Amino acid sequence: MPRAAALLLLPLLAAADDRWLELRSGPFHVLASAGERGGQETLGQLEQFRHVLGTALGKQELRSVWPIRVLVVRPDRRAEAVTPPRPGRDAFLGVLHAEAPVPREWLRACALILLEANASRMPAGIESGLLDFYSTAEMSGTLITLGGPLPAAERNLDWARIQLLSVDPKYSGKLRVLLYNLQQGADSEPAFRNAFDKTPAEIDKEAAAYLAAASFATATISGRPLNARRDFRAEPAASPAPDLALADLRLSLGRLAEARAAYAAILKSQPGCAEAREGLGLVALREKNADEARRQLAGAIEAGSRNARAHLEYARLEPDRAKAAAALRKAAELNPGWSEPHFLLAQREDDTARKVNALSAAAKLAPRNAAYWRALAEAQMAASDFRAASRSWAAAEQASIDDAERARIQQARRSIEAQRLEAEAAARKREAEETQRELQRLKDAAMADIRRAEAKAERATGGRTEGKVEAWFEGPAPSGKIRGNLRQVDCLRGTARLVVQGEDGKLTRLVIRDPGKVVLIGGGQLALGCGPQRPPRIVTIEYFPKADPKLGTAGEVATVEYR
């Protein structure tokens with residue numbers, strides 16, 4: 001190994017000499033070199049924080065798309081600096097010092113990870129205020145103190161609004177109602193009125209006065225009933241997990257030369273280590289060395305990689321379409337909560353139905369991603385599913401954080417509504433034309449039967465006409481027509497009275513005097529049960545308008561078509 005690389009590794013190897021333990025709970029994976037107690041107490045603080053944020057968002061158990069891996073080290077001169085969690089090789093990765101409160105920057109980054117994975121998009125000011133407010137939480141055993149003020153230079157109206165609504169007894173029990181309604185897509189005006197019986201402007205006026213007064217209260221609440229020393233069991237960390245985590249930390253911090261040296265050292269001692277090859281591939285990717293990245297990621301997959309990100313990044317680089325699609329499907333399988341593999345599969349899909357399915361999966365897994373909803377809406381429009389497209393445009397509008405983009409989406413929604421109405425009108429016209437063609441077909445078939453009967457009779461009589469063969473009745477066409485729900489059939493003596501609720505909601509009564517003369521469009525038998533029709537049947541009826549005051553009917557049925 002070159003001397004420069006060896007020198008870069010000195011801090012890494014020194015830390016790796018410690019005895020590492022690992023603990024897990026929820027999305028958190030703690031690797032501690034600071035002893036069992038240090039790891040347990042840190043994990044206890046993080047779990048209490050997850051609990052209190054979940055309570056505010058109305059979620060029982062906040063999840064994370066990726067594990068949140070935490071290196072807990074002793075706060076001495078050679079320790080890693082405290083680092084908020086950020087994306088790494090296969091997890092969010094951060095560093096904390098043992099026997100110390102979790103810093104505000106760390107809690108804010110953690111809150112953002114959990115918010116992104118669990119909450120639908122809310123107004124930007126509400127989300128920013130939540131992140132700032134909960135970043136000052138202090139966890140001590142099962143007690144959590146909320147409302148510690150931000151540094152004076154960082155205080156703003158968004159933070160003050162959430163601070164006020166969280167600690168003021170007039171509002172604190174109602175904040176969850178506001179957040180729930182906003183996550184359901186409610187506009188701010190009705191959401192605030194529903195929660196506090198006040199407008200957003202009125203709440204903001206109070207929050208501004210609260211901010212100016214600079215007298216900030218706190219609230220202490222009970223957290224989860226857990227005992228970190230009892231409930232979190234520490235196990236010796238298996239090799240090479242600590243070395244990988246330290247190498248991953250260099251990668252996440254952008255210290256690529258150190259990361260490459262660390263992964264190479266692991267691979268030298270354990271040649272079959274798929275995780276080290278993943279790391280080398282991601283280092284090469286960051287360095288824009290596509291060929292080396294593809295080679296290392298392919299090697300990791302051959303070595304049995306279980307990292308969804310490695311499979312996805314390999315798929316981006318793989319020119320073979322089938323191999324790339326297989327890698328994306330494997331990525332989706334390895335991390336079922338990750339949306340990106342589904343979105344990339346959709347980009348490679350030519351079949352419209354499969355494209356819509358893949359985009360639908362991506363959007364449902366990442367409901368805050370407006371680009372996913374927009375792509376889904378466009379694919380649904382291409383498939384002429386205008387109703388579904390309208391719903392997707394609405395979801396895209398809620399997920400958008402940019403006013404200009406939101407305005408474009410609103411315009412698209414108006415356009416899609418016009419297209420939907422046009423498509424439905426065209427469909428109704430096609431149905432009417434098809435009905436008329438079917439009626440004509442039946443008439444033509446009946447006339448053909450009559451002509452055959454005439455020809456047969458003529459042959460049997462040698463051309464003599466002993467009687468006249470009557471043609472099929474072709475009197476006036478029925479001029480009345482109604483489409484709606486068949487609500488009831490009244491069976492009277494020798495007749496049947498149909499009660500139909502039209503599309504305009506009005507009831508029309510029609511009589512059938514001779515069922516044999518009623519043409520059933522589409523074939524089959526005219527089967528009508530007496531009494532209320534449960535459920536009502538959708539019908540289109542043509543009839544001869546002729547009022548019968550005695551029966552209360554408006555005409556006599558000529559044709560019936562069931563829907």
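1. Helices H15 and H16 pack with their axes 8 Å apart and at an angle of about 155°, axes being lines fitted to C-alpha atoms, for helices over the stretch in contact, with angles running from 0 to 180 degrees between N-to-C directions. That makes H15 roughly antiparallel to H16, since angles over 145 degrees count as roughly antiparallel, those under 35 as roughly parallel, 65 to 115 as roughly perpendicular and the rest as oblique. The crossing of H15 and H16 is left-handed; a crossing is given that label if the near helix is turned anticlockwise from the far one by less than a right angle, and is right-handed if clockwise. Helices (H or I, at least four residues) and strands (E, at least two) are DSSP runs, numbered from the N terminus.

2. A word on provenance belongs here: this is a predicted model, in which local features need pLDDT of at least 70 and side-chain atom pairs count only at pLDDT 80 or more, whereas totals for chains, interfaces and linings use all residues. Residues are numbered from 1 along each chain as its sequence is written, and side-chain values use heavy atoms, with hydrogens and water left out.

3. Arg321 lies in H15 and Asp350 in the loop between helix H16 (340-347) and helix H17 (352-365), so the pair ties together parts that are 29 residues apart in sequence. Arg321 is partly exposed at a relative accessible area of 46%, while Asp350 is exposed at 67%, where buried means under 20% relative accessible area, exposed over 50% and partly exposed in between (1.4 Å probe, protein chains only).

4. How many salt bridges does the rule give? The count comes to 41. One of them joins the side chains of Arg50 and Glu47 at 2.6 Å, N to O; these two residues are three apart in helix H2 (residues 35-57), and are therefore separated by about one helical turn. Arg50 and Glu47 are both buried. In another pair, Arg255 bridges to Glu258 with the closest N and O atoms 3.0 Å apart, and here Arg255 counts as partly exposed at 32% relative accessibility, whereas Glu258 counts as buried at 17%. There is also a network of salt bridges that links Arg69, Arg89, Asp90, Asp248 and Glu278.

5. Turning to the strands, S10 and S14 run antiparallel and are joined by nine bridges, two strands being taken as paired if DSSP finds at least two bridges between them. Within this pairing, Ile482 has Ile541 in S14 as its bridge partner. Strand S14 is also joined to strand S15 (residues 553-562) by eight bridges, again in the antiparallel sense, and Glu542 stands opposite Thr559 in S15. S14 and S15 form a hairpin with four residues between them, and Gly552 in the turn has a positive phi of about 75°.

6. The structure holds one disulfide, defined as a pair of cysteine sulfur atoms within 2.5 Å. The partners are Cys491 and Cys530, whose sulfur atoms are 1.7 Å apart, and the link is left-handed, with -95° about the S-S bond. Distant parts of the chain are linked by this pair, as Cys491 belongs to strand S10 (residues 480-492) and Cys530 to the loop between strand S13 (519-520) and strand S14 (531-548), 39 residues apart. Cys491 is partly exposed at 42% relative accessible area and Cys530 is exposed at 53%. By contrast, Cys110 is buried at 0%, and Cys273 counts as buried at 5%.

7. A last point concerns an open sheet of three strands in the order S6-S7-S8, with antiparallel pairing. Strand S6 (138-140) and strand S8 (219-222) stand at the edges with a single partner strand each, so one side of each is left without a neighbour in the sheet. Neighbouring strands of this sheet are turned by 25° against each other on average, direction ignored. S6 pairs with strand S7 (residues 143-146) over three bridges, and Glu138 stands opposite Thr145 in S7.

Conventions. Salt bridge = Lys/Arg side-chain N within 4 Å of Asp/Glu carboxyl O.
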